[in-house]
Amino acid sequence: MTPSLPPLLKLQDITRIFETPSGPFAALRAVSCEIASQELVAVVGKSGSGKSTLIHMMTGIDRPSHGEVMVAGTAVHALPEGELARWRGRNVGVVFQFFQLLPTLTVLENVVLPMDFCATHPVRQRRAYALSLLDRVGVADQAHKLPLALSGGQQQRVAIARALANDPPLLVADEPTGNLDVRTSESVWQLFRELARAGKTVVVVTHDRDVARMMTRIITLSDGTIVSDTGGTPSPRHEAAHA
Ligand code: ADP
Ligand code: MG
């Protein structure tokens with residue numbers, strides 16, 4: 001056997017219980033999975049199956065009621081509140097459905113912002129690096145505009161450049177093309193594929209089964225549990241591998 005690296009991401013027995021007026025509700029129930037470096041993982045499942053809750057565990061946006069979340073060697077579930085935002089800024093690039101660019105900053109300034117927040121690059125190099133990221137995602141010519149002057153697809157590319165600002169090992173995206181037309185979506189998916197090939201681990205939530213099949217692994221959630229996983233660590237199952 002070749003020695004394998006520890007998984008970039010490891011969820012161990014994650015349960016997330018929300019208190020609701022009608023009593024406790026488990027959005028995730030004993031979910032475990034490991035994701036290796038450079039995997040390109042689609043998380044699919046019906047609305048309400050727990051996809052966003054699962055993504056929030058990976059980013060530390062929310063914490064499990066039980067269980068452990070390890071990302072790049074850090075126990076995210078145990079990080080003090082005051083360290084979470086900076087940890088996330090350095091280790092996880094997050095891409096949202098509605099882009100969430102700051103409307104009063106230029107495109108370039110939006111990409112510089114995470115570098116300022118985490119002090120990851122020398123101040124004098126930040127703008128040049130941001131420009132190189134915008135170039136990488138194909139929107140360098142829009143750098144000095146305000147976000148709302150751009151199309152939805154261009155804004156999502158800017159959001160991906162922003163997610164890459166601190167060179168995090170993990171990129172997560174919750175329905176990143178939910179607000180884009182089909183052709184624009186395809187080019188965004190293509191970009192995620194390129195990023196995984198270039199060394200990022202990418203986890204994306206999508207409703208689109210065709211898109212999911214382009215990923216290297218599909219995790220299917222139903223009622224807060226993993227019902228199929230084509231990559232299947234630690235307990236491999238392959239039933240959906242080439243559906
Ligand atoms: P998905 O992203 O797959 O549509 P979510 O992870 O957003 O699903 O939600 C899973 C379930 O948990 C849903 O039934 C949702 O109503 C419930 N839920 C999510 N967040 C909360 C919350 N903050 N309080 C109560 N219930 C929640
Ligand atoms: Mg969701």
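Predicted model: local features only at pLDDT ≥ 70, side-chain atom pairs only at ≥ 80, totals over all residues.
Residues are numbered from 1 along each chain as its sequence is written, and side-chain values use heavy atoms, with hydrogens and water left out.

A pocket here is an open set of points on a 1 Å grid where a 1.4 Å probe fits, with protein on both sides within 12 Å along at least five of seven lines, and lining residues have an atom within 4 Å of a point. There are 16 of those lining residues, and the closest to the centre are Gly 89, Val 92, Val 94, Pro 114 and Arg 162. Which elements give two or more residues to the lining? They are α2 (81–91), β6 (92–95), α3 and α5. By class, you get eleven nonpolar, three polar and two charged residues.

Now, how do the two helices meet? The axes of α3 (residues 107–118) and α5 (residues 152–163) come within 8 Å and cross at roughly 25°. That makes α3 roughly parallel to α5, a label used for angles under 35 degrees. On the α3 side, the contact (heavy atoms within 4.5 Å) is made by Val 107, Asn 110, Val 111 and Pro 114; α5 brings Val 158, Ala 161 and Arg 162. Those residues divide into five nonpolar, one polar and one charged.

Methods:
Chains lettered and ligands numbered in written order. Axes fitted to C-alpha atoms, helices over the stretch in contact; angles between N-to-C directions. Helix = DSSP H or I, 4+ residues; strand = E, 2+ residues; numbered from the N terminus. Parallel < 35°, antiparallel > 145°, perpendicular 65-115°, else oblique. Nonpolar A, V, L, I, M, F, W, Y, C, P; charged D, E, K, R; others polar.
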